[in-house]
Amino acid sequence: MQKENKIPKRFIPIDVDLFNNPKYHTLSNGAKLVYSVYSSRFRISFYHYLEEDYTYYDAEKGLFIYFANEDLARILNVSTRSITNYKRELLEFGLIEVQDTKNNGHRMDICQLVWLTKNTSYENVGGIFLRKNTIDS
């Protein structure tokens, strides 16, 4: 193993249900990536909470994140308008809730994905497990 292979790599996990669940088939890949970045940031809010830092916790709504459109646009190398469009998609699919705040921009609650049922069957397509077409989901 070469030295550079030992260095841990950072990555953003993308939930496969964003691709497998028919509910999200019309969600653009850009919106799926944005949701994944938000979910990753949400995990950081959760870690803060575990460390008894309640900066990203609201007693009424639970954990949340702040993420400026400009920052995410710079990270993903897209325009802020694209980020706005992706956020609109996520809102329409019920994957985020956004609240305007005076000082910190948009506060976002990250919603859970709708999971496929346990009796969903999958097929291996090139090493990726895809949901088989069945009548009930």
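Is Glu52 buried or exposed? At 61% relative accessibility, Glu52 is exposed; the cut-offs are under 20% relative accessible area for buried, over 50% for exposed and partly exposed in between, using a 1.4 Å probe and protein chains only.

This is a predicted model, so local features need pLDDT of at least 70 and side-chain atom pairs count only at pLDDT 80 or more, while totals for chains, interfaces and linings use all residues. Residues are numbered from 1 along each chain as its sequence is written, and side-chain values use heavy atoms, with hydrogens and water left out.

**View 1. The fold of the protein chain.** Four helices and seven strands make up its secondary structure, taken as DSSP runs numbered from the N terminus (helices: H or I, at least four residues; strands: E, at least two). Going along the sequence, you get α-α-β-β-β-α-α-β-β-β-β. Out of 137 residues, 29% are buried.

**View 2. Two loop residues with positive phi.** Glu52 sits in the loop between α2 and β1 (57–58), and its phi is about 65° even though it isn't a glycine. Asn77, also not a glycine, has a positive phi near 60°. Look for Asn77 in the loop between α3 (69–76) and α4 (80–92); with a relative accessible area of 70%, Asn77 is exposed.

**View 3. A nonpolar surface patch.** Phe46, Tyr47, Tyr49, Leu50, Tyr54 and Tyr57 form a patch of about 610 Å². Patch residues have over 30% relative accessible area and no salt bridge; nonpolar side chains (Val, Leu, Ile, Met, Phe, Trp, Tyr) are joined within 5 Å, and like charges within 9 Å. A salt bridge puts a side-chain nitrogen of Lys or Arg within 4 Å of a carboxyl oxygen of Asp or Glu. Areas are Shrake-Rupley values with a 1.4 Å probe, and for residues only the protein chains shown count as cover. Helix α2 (residues 29–50) gives the most here, with four residues, and Leu50 lies in that helix.

**View 4. The largest pocket.** Its volume is about 240 Å³. Of its 13 lining residues, Asp15, Tyr35, Ser39, Arg43 and Gln112 are the closest to the centre. On a 1 Å grid over the protein atoms alone, a pocket is an open set of points where a 1.4 Å probe fits, with protein on both sides within 12 Å along at least five of seven lines; lining residues have an atom within 4 Å of a point. The lining splits into eight nonpolar, three polar and two charged residues, and α2 again comes up, giving the most to it with five residues.

Notes:
Points joined across faces, edges and corners; volume = space filled by probe spheres on them. Nonpolar A, V, L, I, M, F, W, Y, C, P; charged D, E, K, R; others polar.
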